Amino acid sequence: MDTTETLGEKDTSICTFQLNTTEDTRISEMLDLLHIDLEIETKPAISLDAEDGTCSRNVRRKQRNWEKRLAAKKNKRKEEKLRRKLKRAEQSGTDMDNPQHSKRVVKVITKERLREAQLAGPKLCVDLSMTECMSHKEISRLACQIRRLYGSNRKAARPFHLVLTEMRENSLLYQECLRMNDGFLSYVMDITEESCINLFPHENLIYLTPDAEQALKAVDTENVYVLGGLVDESIQKKISYLKAKASGIRTARLPIDEYMVKRSNPKNFHSKILAINQVFDILLGFCESGSWTRALAVGVPQGKGYTVAQEMAETPAPEIKR
């Protein structure tokens, strides 16, 4: 009886020991696993910068290039989609002013027209070499006139190829254009520090100045028309005319004397000096209508003291040569 009880107690203690041993082993294994996980989590990440800074820069550069290419592809797909819309609109006979067109489509249509004008449109240069003769206020007014000129060209059905010559980035005029004209650097026009004399053949240049003897009769793509970028509140006479003559460039004036007459006014004021955007609007009006009478009637402000002579008949001008 005692022996049996003793054996039973031994068996029980053995089983208990084995269970305890097994449990301890499992707990030990779990702790080992936890220890491994903790070590993995707390192990510091290897920095490319620490091991090889050049490699890290290359990786970042490749990443940036890849992102740029991806963005360019997305933009290209968008432009292609808009071009297809534009082509469908042209085939259906719709125009840019159609209210069904979104602003984005209208913007694409406008840019396409301006880019086509850069290839085949009539050329007009704004000579910006005379800014030294102007005050800060006059330069600011000139920057405003450039904005208006470009705005008229954007709206035109047959725009010009615009070129701003002798525009220097370190000049006050350039800074004023950036300050006053939103999106100036994205204007679809050519901006250069070169002179128009160096860019185009002399025989193709025609400098438009109110002091010229010959009147402008027509506009075509064979010639390059030059406007003097000059705002002169002190009225220094013949500045642009004398410069054109000194450079050996042909000159011409708007045919105001041929199609307009002086209008009586209380101040007895009459002037044929126009801002560059006003001259440009007259050229656009003539190109669209083929009539100097219509173009001058709309483009010459009433405050200049001139009105279109009603009795003067005009033969429509021929189509612009392309």
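**Aromatic pairs and the parallel sheet**

Phe286 counts as buried, at 4% relative accessibility. Burial likewise applies to Trp292, for which the relative accessible area is 2%. The structure described here is a predicted model.

Five aromatic pairs are found when the whole structure is searched. One of them joins Tyr150 and Tyr187, whose rings are stacked with 4.0 Å centre to centre and 10° between the planes. Tyr150 belongs to helix H5, whereas Tyr187 sits in the loop between helix H6 (172-180) and E3; the pair therefore ties together parts that are 37 residues apart in sequence. Tyr150 counts as buried at 6% relative accessibility, and Tyr187 counts as buried at 12%. A stacked aromatic pair is also formed by Phe286 and Trp292, with 4.0 Å centre to centre and 15° between the planes.

The strands form an open sheet of six, ordered E3-E2-E1-E5-E4-E6, with parallel pairing. Strands E3 (190-191) and E6 (250-252) each have a single partner strand and stand at the edges, so one side of each is left without a neighbour in the sheet. The pairing of E3 with strand E2 (residues 161-165) is parallel and runs over two bridges; Ile191 in E3 is the bridge partner of Leu164. Helix H5 (residues 136-155), which carries Tyr150, lies across strand E1 (123-127), E2 and strand E5 (224-228), and runs at about 165° to E2.

Notes. Residues are numbered from 1 along each chain as its sequence is written. This is a predicted model: local features need pLDDT of at least 70, side-chain atom pairs count only at pLDDT 80 or more; totals for chains, interfaces and linings use all residues. Side-chain values use heavy atoms; hydrogens and water are left out. Two strands pair if DSSP finds at least two bridges between them. Helices (H or I, at least four residues) and strands (E, at least two) are DSSP runs, numbered from the N terminus. Contact means heavy atoms within 4.5 Å. Axes are lines fitted to C-alpha atoms, for helices over the stretch in contact, and angles run from 0 to 180 degrees between N-to-C directions. Rings of Phe, Tyr and Trp (its six-membered ring) pair if their centres lie within 6.5 Å; planes under 30 degrees apart count as stacked, over 60 as edge-to-face and the rest as tilted. Buried means under 20% relative accessible area, exposed over 50%, partly exposed in between (1.4 Å probe, protein chains only).
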